[in-house]
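These are my notebook entries on a structure I went through today, set down in the order in which I looked things up.

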Amino acid sequence: MYQQKVSQIIQSLDMLEVSCELDFKLPVNESLLTGKGEKLLFDAYGDLNGKGAMPTLKNLKIPIKVGKNVLLYDDAKHFNRYRLATLKSSLYQVFNFPWHAGYLRMCRAHERECLLSGLQDRVWKGPPLASSCFGPAEEAGDLSGNGASGWKLNAYNDLQYDLISRLHGYRLMRIPAYENLMIGGQLQRVDKLLLHPGPDLLKTIGTWLLRKMS
């Protein structure tokens with residue numbers, strides 16, 4: 001379902017003849033993180049009760065790149081208390097992201113949907129790195145105690161994408177599942193619109209994306 005929606009986003013830009021680079025991989029220049037960047041990551045890692053050495057990504061995997069804009073679609077698994085904690089970190093006082101306020105609101109409002117979609121072990125517990133950094137997860141669905149180590153790693157990685165893309169000179173545009181577009185006089189959620197959009201709707205979505213990139 002995630003890949004289907006990303007494909008629809010790509011198609012919406014194709015219909016407007018927007019030149020896109022797909023599956024762009026950005027190697028991380030670790031020297032850019034030295035000093036202030038490391039401090040920003042460390043603060044967020046601590047907010048999630050991270051233990052031991054702080055991991056850093058080696059590269060960013062970006063599904064869609066348009067010039068200096070890099071686009072990510074965020075589904076329900078990106079909206080929960082742990083992502084909220086990283087969004088409150090000092091990184092977002094140092095750098096401005098136009099979508100930041102909306103993401104704070106969505107993380108508060110949509111954790112229940114994250115619970116419905118994020119209980120599988122691969123998401124809730126995450127890879128072995130998640131438990132190494134954040135300790136073992138509680139039983140699936142139990143957000144007390146240590147909660148979901150996989151969710152914590154996902155939230156920390158989201159913050160890494162935000163910081164690293166900015167340090168490398170890119171403008172990260174996050175497309176949240178819960179953003180609303182006015183279609184036919186009604187507000188409709190992006191995730192619903194991307195299910196089976198016709199040609200006219202695809203053009204509308206593409207135009208909306210171009211406005212966000214301008």
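Predicted model: local features only at pLDDT ≥ 70, side-chain atom pairs only at ≥ 80, totals over all residues.

I began with Glu138, which I noted as partly exposed because its relative accessible area is 28%. Glu138 is found in the loop between helix H8 (128-134) and H9. I then looked up what Glu138 touches and, leaving aside residues up to four places away in sequence, I listed Trp124, Ser144, Gly145, Asn146 and Gly147. For Glu138 and Ala148, which are ten residues apart in sequence, I noted a C-alpha to C-alpha distance of 6.3 Å.

Next entry: the nonpolar cores. Which members of the largest core touch the most other members? I found Leu60 and Trp151, out of the 46 residues in this core. Helix H9 (residues 149-167) gives the largest share of this core, eight residues. Apart from it I found another core, of 22 residues, including Ile9, Ile175, Leu193 and Met213. As background I wrote down that in soluble globular proteins nonpolar side chains tend to be buried together.

I stayed with Trp151 for its contacts, again not counting residues up to four places away in sequence; among them are Asn80, Tyr82, Glu111, Cys114 and Leu115. The list for Trp151 also includes Gly118, Val123, Trp124 and Leu143.

Then I turned to the largest pocket, for which I have a volume of about 820 Å³. Of the 31 residues that line this pocket, I noted Tyr2, His78, Asn154, Asp158 and Tyr161 as the closest to its centre. The elements that give two or more residues to the lining are helix H1 (2-14), strand S1 (21-27), strand S2 (59-66), strand S3 (69-74), helix H7 (121-124) and H9. The largest share of the lining, seven residues, comes from H9. By class I recorded 15 nonpolar, seven polar and nine charged residues in the lining of the largest pocket.

Is Tyr161 buried or exposed? I put Tyr161 down as buried, because its relative accessibility is 15% and the cut-off for buried is under 20%. Tyr161 has its place in helix H9, and beyond four places in sequence it touches Leu57, Asn59, Leu60, Lys61, Ile62, Leu72, Leu172 and Arg174. Tyr161 and Phe134 are 27 residues apart in sequence, and I have them 19 Å apart in space, C-alpha to C-alpha.

My next entry concerns a hairpin. Strand S5 (residues 180-183) and strand S6 (residues 186-189) pair in the antiparallel sense over four bridges, and the bridge partner of Ile183 in S6 is Gln186. Two residues lie between the strands of this hairpin, in which Gly184 takes a positive phi near 60°. I noted Leu181 and Ile183 on the covered face of S5, with Asn180 and Met182 on the uncovered one. In a regular strand the side chains alternate between the two faces of the sheet.

Last, I looked for positive phi values in residues other than glycine. Asp23 has a positive phi of about 50°; Asp23 lies in strand S1 and I counted it as exposed because its relative accessible area is 68%.

How values were computed: Residues numbered from 1 in each chain as written. Heavy atoms only, no water. Core = buried A, V, L, I, M, F, W, Y, C linked by side-chain atoms within 4.5 Å. Buried < 20%, exposed > 50% of the residue type's maximum accessible area, 1.4 Å probe, protein only. Contact = heavy atoms within 4.5 Å. Pairing = 2+ DSSP bridges. 1 Å grid on protein atoms, 1.4 Å probe; cavity = no way out; pocket = protein on both sides within 12 Å on 5 of 7 lines; lining within 4 Å. Points joined across faces, edges and corners; volume = space filled by probe spheres on them. Nonpolar A, V, L, I, M, F, W, Y, C, P; charged D, E, K, R; others polar.
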